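This report looks at one strand with its neighbours, and then at a pair of helices. Please keep the sequence and the model in view while reading.

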Amino acid sequence: MDRITVVKIGGNVVDNPEALGRFVKSFTSVSGPKILVHGGGKEATRLSQKLDIPTIMIDGRRVTSRETLDVVTMVYAGLVNKRIVSMLQAEGCNAIGLSGADGNAITATRRPAEPVDYGFVGDISPAGVNDGLIATLLGMRYTPVFCAITHDGNGTLLNCNADTVASSVAIGASHILPTDLVYCFEQPGVMEDIDRPDSLIPLITPAIYADLRARDIVNKGMIPKLDNSFRAIDEGVDSVIIKHADNLGNNIGTILRK
């Protein structure tokens, strides 16, 4: 055990059986101790629509009412988490599915209502990740699979952005061993033009990121992904790369550097 790999899977991959199946095989082949963090927002949005619960997004982040909290808990900690864990088990990867409440894995504080009230959304402090639990599970050769549901330690579940959970878990893991963070989704990486497959941006520094935001090339859901990438680097994670899920086993993607 010389390095930990934290992989976050999201986007259209989670709810695409074929794409998810390919990813699970690739993830299983990653050598050394590894941790998976998953989203599931599209599944949550579909269930919300069936239940006539409105979905409100602000800057790529979901506003979580009490009704929405029930939905995302069912989808993230239940359906999606157990689906992924069962697929990993089928590939011989001994995975264990967790929310932040399980084993007191991840605690968070409810985000203040000002300037924007996101409802039951949590912010994870640097001390919020139970790296002792992670070390124990990895030492027993389990592969933790985290969803984006955390808790406040006082009996309230909180919805967190899955990219933030991945960043926080990677920072916690870096206290155990050198850690690499990989964000996987349905694009080759951060794109100059989403409609041009050849417009991959191979490297982003804070200065390049500021320019991309100013030109509105980076917006919506990509903003928290990049914010969390740079936070992870600032707080001890060795490397961050954003890539297509099918490229997990190679170096094609967008590399983040200070």
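## Strand S11 and its partners

Leu-181 in S11 is the bridge partner of Val-6. The model is predicted, so local features need pLDDT of at least 70 and side-chain atom pairs pLDDT 80 or more, while totals for chains, interfaces and linings use all residues. Residues are numbered from 1 along each chain as its sequence is written, and side-chain values use heavy atoms, without hydrogens and water.

Strand S1 (residues 4-9) runs parallel to S11, and the two pair over six bridges. Strands (E, at least two residues) and helices (H or I, at least four) are DSSP runs numbered from the N terminus; two strands pair if DSSP finds at least two bridges between them. S11 also pairs in the parallel sense with strand S13 (residues 239-244), over six bridges. There, Tyr-183 has Ile-242 of S13 as its bridge partner.

## Burial of S11

S11 spans residues 179-185, and seven of its seven residues are buried (under 20% relative accessible area, with a 1.4 Å probe and protein chains only). Thr-179, Leu-181, Tyr-183 and Phe-185 point one way, whereas Asp-180, Val-182 and Cys-184 point the other way.

## Helices H6 and H7

The axes of helix H6 (residues 206-214) and helix H7 (residues 222-234) come within 12 Å and cross at roughly 165 degrees. Axes are lines fitted to C-alpha atoms over the stretch in contact, and angles between N-to-C directions run from 0 to 180 degrees. H6 and H7 are therefore roughly antiparallel (an angle over 145 degrees).

Definitions and conventions: Buried means under 20% relative accessible area, exposed over 50%, partly exposed in between (1.4 Å probe, protein chains only). Angles under 35 degrees count as roughly parallel, over 145 as roughly antiparallel, 65 to 115 as roughly perpendicular and the rest as oblique.
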